[in-house]
Amino acid sequence: MNKVYNNRAWLLILPMLLLVAFSAVIPLMTVVNYSVQDVFDAHTRFFTGTEWFEATLNDPALQAALLRQFAFSFTILAIEVPLGIGIALLMPKRGWRASVVMILVTLPLLIPWNVVGSIWQIFTRGDIGLMGWSLRELGYGYNITRSAVDAWATIVLMDVWHWTPLIALLCYSGLRSIPDAYYQAARIDRASRWAVFRYIQLPKLTNVLVIGVLLRFMHSFMIYAEPFVLTGGGPGSSTTFLSQSLTTMAIGQQDLGPSAAFSLIYFLIILLVCWVFYTAIMNLQKDKQEKGA
Amino acid sequence: MSDSLPTTPEAVRRRAEAVAAKRRRQARPVVRQWRRTGLLTTYILFVLLPIYWLLNMSFQSNSEILGALTLWPSDFTLEHYAKIFTDANWYMGYVNSIAYVLMNMLISILVALPAAYAFSRFRFIGDKHLFFWLLTNLMAPPAVFLLPYFQLYYTVGLFDTHVAVALAHCLFNIPLAVWILEGFMSSVPKEIDETAFIDGYSFPRFFVKIFIPMIRSGIGVTLFFLFMFSWVELLLASTLTSTGAQPIGSVMTQTKGASGIDWGALSAAGVLTILPGIVVVYFVRNHIAKGFALGRT
């Protein structure tokens, strides 16, 4: 769309800008302020420069949490994206079944995150949970409070349960926007099921998939409530992700300086990855427009 | 089998048999349909099983829960629901949650509508950077803002009020609303605006009378997403409140009594947090697919 150049558009943006600035810029400046100072109390503080940043970057516990975080994010992306595409292909396209399936598939997304943790806590307990009990009856010593592997697998499974619907619904909406004529042409050409997917459906899905991967990456990087409720970060620190390390540091230990430095590094990592994605989206769209023109 | 066309009658027959065999090997449409339904049903069972288990727990008495594993409540009881609806501690959690979610939806949509219009219709100094900055707020981990929010809202005297949580959730909900609405607005042709202005509509009148009704479904979907993300967030909501505006999520974390966790009440409370979501998704079920693609398909 050809947009008109008009700086009065700022007036329309102003109310939004003020509100977001109040809830984003002021707090962020506070964090920046803390990150370069050592605060003892309201009146005693020293300027420390980059000391906290160096300490944070060299902290082995935090490095481990970061690695764990990346491992987690990539694992769930590797499972959720193909699974989501598969579910989207299976979902009925019209009729009452489409509505019912849609509502059922959306269900996990609408549950408060800590309740998701509670649901899986109840579901996987060895004594009262269906899954935990069944696995034990089958002879596997399943225990998420003892075994790091079990805890890790359960959190991945929980995240797949919780967020695959997002990818599925995104892809479903992408698939619905493909005109029937494309499929008819494919049938005339006797294209195989795979060819239809590869050359008709997948190209249409790229756009929504980029949004999906972006959202999933962001949210998995901020994951807090679910593992906190389910495992509390344990056993040991095997499922302690960045959010939880930060919260423990900031609220639990009240280490203002280091936790502020940590916050900024954490935020910058997310920004960096998302910037790459954003640029990728923009370039994709530019390519498309050039092809279309 | 060679790709060239068969020439002798024998070769033709062989070719035909090969093709028929291939057809037989491929599943017939009915079989394929059943396979699809089967796979989808398996996935939906996977989605529903943990939720069913929660429901099952919520109807059992605590002694039955801890006594033996039963696949359905043999001793059906509503005591946990009764407890939640009669204990002010419990039901005020729901009231508080719904209060700040509604407030947040109202604030977000009101400021996001004009902003999204500006982004979809005009170019102006710094528009691209501003849009990216908005999106960065969507990416900000709530944990980063925990401490400053606590101090900020404490200083301005908003701590432990619904407004505090509603404003805090604006951090990610306003950018989200702008993003989704911009997509929907861009799909409305610009000629509509121009025609309305030629017909003598002033901007506010055009916006309310013509433009907003045109993107009704987009607004519905946006409200759904605002509801969803404000309803499910707990970290900020529980940090910014203590007793006066405590959300249901943090009430639930305090069910550890002297005799351990009250599993029955916890399950019943969990079931009740799922219900508002189902109601909301029912209203937007026909537009939700488009909404998930942020209006950009």
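**Domains of chain B**

I looked up how far apart the two domains of chain B sit: the C-alpha centres of domain 1 and domain 2 of chain B lie 47 Å apart. Domain 1 covers 9-47 and domain 2 covers 82-292, with bounds that come from an automatic or database domain assignment. I noted that this is a predicted model, where local features need pLDDT of at least 70 and side-chain atom pairs count only at pLDDT 80 or more, while totals for chains, interfaces and linings use all residues. Residues are numbered from 1 along each chain as its sequence is written, chains are lettered from A and ligands numbered from 1 in the order in which they are written.

**Where the chains touch**

How many residues does each chain bring to the contact? Chain A brings 76 residues and chain B brings 79 residues; two residues are in contact if their C-beta atoms, placed from the backbone, lie within 7 Å. On the side of chain A that touches chain B, helix α1 (residues 9-35) of chain A gives the most, with 14 residues. Helices (H or I, at least four residues) and strands (E, at least two) are DSSP runs, numbered from the N terminus.

I then sorted that side of chain A by class and found 58 nonpolar, 16 polar and two charged residues. Here Ala, Val, Leu, Ile, Met, Phe, Trp, Tyr, Cys and Pro count as nonpolar, Asp, Glu, Lys and Arg as charged, and the others, Gly among them, as polar.

Strands link the chains too: β1 (residues 4-5) of chain A and β1 (residues 122-123) of chain B run parallel and are joined by two bridges. Strands pair if DSSP finds at least two bridges between them. I traced V4(A) to its bridge partner in β1(B), F122(B).

**Helices α5 and α11 of chain B**

Helix α5 (residues 88-121) of chain B packs on helix α11 (residues 216-232) of chain B at about 140°, with the axes 9 Å apart. Axes are lines fitted to C-alpha atoms, for helices over the stretch in contact, and angles run from 0 to 180 degrees between N-to-C directions. That angle makes α5(B) oblique to α11(B); under 35 degrees counts as roughly parallel, over 145 as roughly antiparallel, 65 to 115 as roughly perpendicular and the rest as oblique.

Is the crossing left-handed or right-handed? α5(B) passes α11(B) in a right-handed crossing. A crossing is left-handed if the near helix is turned anticlockwise from the far one by less than a right angle, and right-handed if clockwise. The residues of this contact divide into eight nonpolar, five polar and no charged.

**Helices α2 and α14 of chain B**

My last pair was helix α2 (residues 29-58) and helix α14 (residues 263-283) of chain B, packed at about 125° with axes 8 Å apart. So α2(B) is oblique to α14(B), and their crossing is left-handed. L54(B), L55(B), M57(B) and S58(B) in α2(B) meet residues of α14(B) including W263(B) and V271(B).
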